[in-house]
Amino acid sequence: MNYPLGERRYPNFPIPVTGTTSDNDMKIDSLEALVFRIPTDQPESDGTLTWTATTVVAARASAAGTTGLGWTYGAAACAALVRDELAEAVVGADAFDVGGIFSAMVDGVRNVGRLGPTSMALAAVETALWDLKARLLDLPLVRLLGQVHDEVAVYGSGGFTSYTDDELATQLGGWVEAGIPRVKLKVGTAWGSREERDVERVAVARGAIGPNAELYVDANGAYGRKQAVRLANGFADIGGVTWFEEPVSSDDLRGLHEIREQVTADVAAGEYGNDLFYFRRMCEAGAVDVLQVDVTRCGGIGEWQRAAAVAASHGLEVSGHCAPSLHLHVACATPNIRHLEYFHDHTRVERILFDGVVEPVGGALRPDLSRPGLGLDLKESDAERYRVG
Ligand SMILES: [Mg+2]
């Protein structure tokens, strides 16, 4: 970093450099970005999008012979942003000053734009910095952040609109059989144009998971306001649905609020949030019962914690959107966490690319406290075949 952090931001509270190693020994000496593209196991659709592959942009930051790893599920362009726009604030900075480096990165992208792919590139780097700091201190990240919970509940998430009824039943029923008592399917088939099919699929899902598991739906913004209210009532009657995610576009805050007032299910949204202003707007509008926050999109672990604090100030819980391995430690350090999304694509990708991925037990994930940082290591040789940048 090129400026003395304490003096610049908080003139009355200079932050001393602490630790047993000198400042110079902890300078970050490299930052690299890697791009992987992993085909899905079959073409997948939700209410408003279809995809056939998942792109992972990983960041690796090194200091004193130790490397920290972070990543985002963003476009390959995020790698160029890491190299061209963010590296300058990172390389040469003190590896312990994660907050200061994040501030310097945000300052540096003023004219590039803080949102969109930049936010995802920021997330990959900031997460790598937290992993690096925890590894340098030989601490699991949750201990460095400050542990609140031993474990965090997960819900199985997939149930794509492109699945056959058999595939839907097998996937959702499989999670419940494996001890995860909450599952979610996609609805809003073909931009909400096939309501009967959506109701039919909810019935199939309930039949597959039995009477006791919680059933969630995600429309990915496919419905209109009144359509969503009608369907929410149908989903509740037929499937006992208790979570209705993005019934309308996440940008329609008034619509979300109106639907929330009229349905029994919890209304959830927030997965596209890139910064604190987004989350504040959503909370202030009374748009959600649970705020979703995605560490890979909001700018990283520190911003995730701040977003959770915004939610807490409105009396709301947060739920981690996708990327369960990236959310696990910060979720266990967050008082108002409800659960994490155990998303089919990402659990598959994380097992392919990384060693140290933990599996849910009894419907919850528990950080492995025997491993430093996030507890994850890139499987270099396995990953190489998916490398595209
Ligand atoms: Mg969603």
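Reader: How many Å separate the centres of domain 1 and domain 2?
Author: Taken over C-alpha atoms, the centres of domain 1 and domain 2 are 24 Å apart. Keep in mind that this is a predicted model.

Reader: And where do the domains run in the chain?
Author: The domain assignment puts domain 1 at 5–138 and domain 2 at 143–383.

Reader: How many residues does each domain put into the contact?
Author: Domain 1 gives 38 residues and domain 2 gives 40 residues.

Reader: Which elements of domain 1 give two or more residues to that side?
Author: Those are strands E1, E2 and E3, plus helix H3 (98–108) and helix H4 (117–136). H4 supplies the largest share of the side of domain 1 that touches domain 2, with 11 residues.

Reader: How many bridges between E2 and E3?
Author: Strand E2 (residues 50–63) pairs with E3 over 7 bridges, in the antiparallel sense. As one example, Ala63 sits opposite Thr66 in E3.

Reader: Switching topic: is E5 buried or exposed?
Author: Buried. In strand E5 (residues 182–186), 5 of the 5 residues are buried, so the strand is largely enclosed by the rest of the structure.

Reader: Which residues of E5 are on each side?
Author: Arg182, Lys184 and Lys186 are on one side, with Val183 and Leu185 on the other, and all are buried. In a regular strand, side chains alternate between the two faces of the sheet.

Reader: Which strand does E5 pair with over 2 bridges?
Author: That's strand E4 (residues 152–157), and the pairing with E5 is parallel. Gly156 has Val183 in E5 as its bridge partner. From E4 the chain goes through helix H6 (residues 165–177) to E5, a right-handed β-α-β crossover.

Reader: How many bridges join E5 to E6?
Author: There are 5 bridges between E5 and strand E6 (residues 214–218), and the two run parallel. Leu185 stands opposite Val217 in E6.

Reader: One last thing, where does Cys322 lie?
Author: Cys322 is in the loop between strand E10 (317–320) and helix H14 (324–331).

Reader: Buried or exposed?
Author: Cys322 is buried, because 22 other C-beta atoms lie within 10 Å.

Reader: Which residues is Cys322 in contact with, leaving aside its neighbours within four places in sequence?
Author: Cys322 contacts Tyr73, Asp294, Glu341, Phe343 and His346. The C-alpha atoms of Cys322 and Val293 are separated by 9.3 Å, with the two residues 29 residues apart along the chain.

Notes:
Residues are numbered from 1 along each chain as its sequence is written. This is a predicted model: local features need pLDDT of at least 70, side-chain atom pairs count only at pLDDT 80 or more; totals for chains, interfaces and linings use all residues. Two strands pair if DSSP finds at least two bridges between them. Helices (H or I, at least four residues) and strands (E, at least two) are DSSP runs, numbered from the N terminus. Domain bounds come from an automatic or database domain assignment. Two residues are in contact if their C-beta atoms, placed from the backbone, lie within 7 Å. A residue is buried if 20 or more other C-beta atoms lie within 10 Å of its own, exposed if 12 or fewer, and partly exposed in between; C-beta atoms are placed from the backbone. A crossover is right-handed if, with the strands pointing away from the viewer, the path from the first strand over the helix to the second runs clockwise.
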